[in-house]
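Please consult the sequence and the structure as you read.

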Amino acid sequence: MEIWDIYDKNRIKTGRTVVRGKSEALSENEFRLVVFIAVFNSKGEMLIQQRQPFKEGWPGFWDITAGGSAISGDTSQQAAARELFEEVGITADFSKTLPHFTINVEDNAFCDFFLIKRDVDIDSLQLGYDEVAQVKWATKQEIFDMIDAGIFVPCQDGVIDLCFSLIERRKTLKYDEV
């Protein structure tokens, strides 16, 4: 059972929590915190995951490296580290970084995106069975083709492009760094 903290429109915790999956809807001015982590290799490809066919929400679809809701008490950084490890077995310390960008790609959610440059051997990853069926590296064009084919989780216009553009411009970000 996941419990989520609820935030106001200024991203201040309201003191209210909700249980994931309960019918209790958030009001127009209530938000939860969601994190997404995109891992890029030195070739400029993004590590993408295929969601398990039995996973609720976009079963069998391809998605960015990792993501999920922050649980009560999590900071964005803690949630990112937890989700990345739970889904693909990658350890990263986000404690000294801010999200690279925040947008609202889901209703009633602050969606924080973290970008990592790291060459990862995908054969050595420990995939979270409940979450991930498989992973692979993909170029921006391959992801756009997957979106057009209806096999990649629908993204708000420009999210994938923004991830790739930001990682390409972050020349000072060393590999193996968050």
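A cavity is a set of points, on a 1 Å grid over the protein atoms alone, where a 1.4 Å probe fits but cannot get out; lining residues have an atom within 4 Å of a point. Its volume is the space filled by probe spheres set on the points, which are joined across faces, edges and corners. The model is predicted: local features need pLDDT of at least 70 and side-chain atom pairs 80 or more, while totals for chains, interfaces and linings use all residues. Residues are numbered from 1 along each chain as its sequence is written, and side-chain values use heavy atoms, without hydrogens and water.

The structure holds 1 cavity of 30 Å³ or more. The largest cavity has about 30 Å³ of space, and its lining includes Asp5, Tyr7 and Leu33.

Helices are DSSP runs (H or I, at least four residues), numbered from the N terminus.

| Helix | Residues in contact |
|---|---|
| Helix 2 | Lys140, Ile143, Phe144, Ile147 |
| Helix 3 | Ile160, Asp161, Phe164 |

Helix 2 and helix 3 pack at an angle of about 175°, with axes 10 Å apart. Axes are lines fitted to C-alpha atoms over the stretch in contact, and angles run from 0 to 180 degrees between N-to-C directions. The two helices are therefore roughly antiparallel (over 145 degrees).

Methods:
Parallel < 35°, antiparallel > 145°, perpendicular 65-115°, else oblique. Contact = heavy atoms within 4.5 Å. 1 Å grid on protein atoms, 1.4 Å probe; cavity = no way out; pocket = protein on both sides within 12 Å on 5 of 7 lines; lining within 4 Å.
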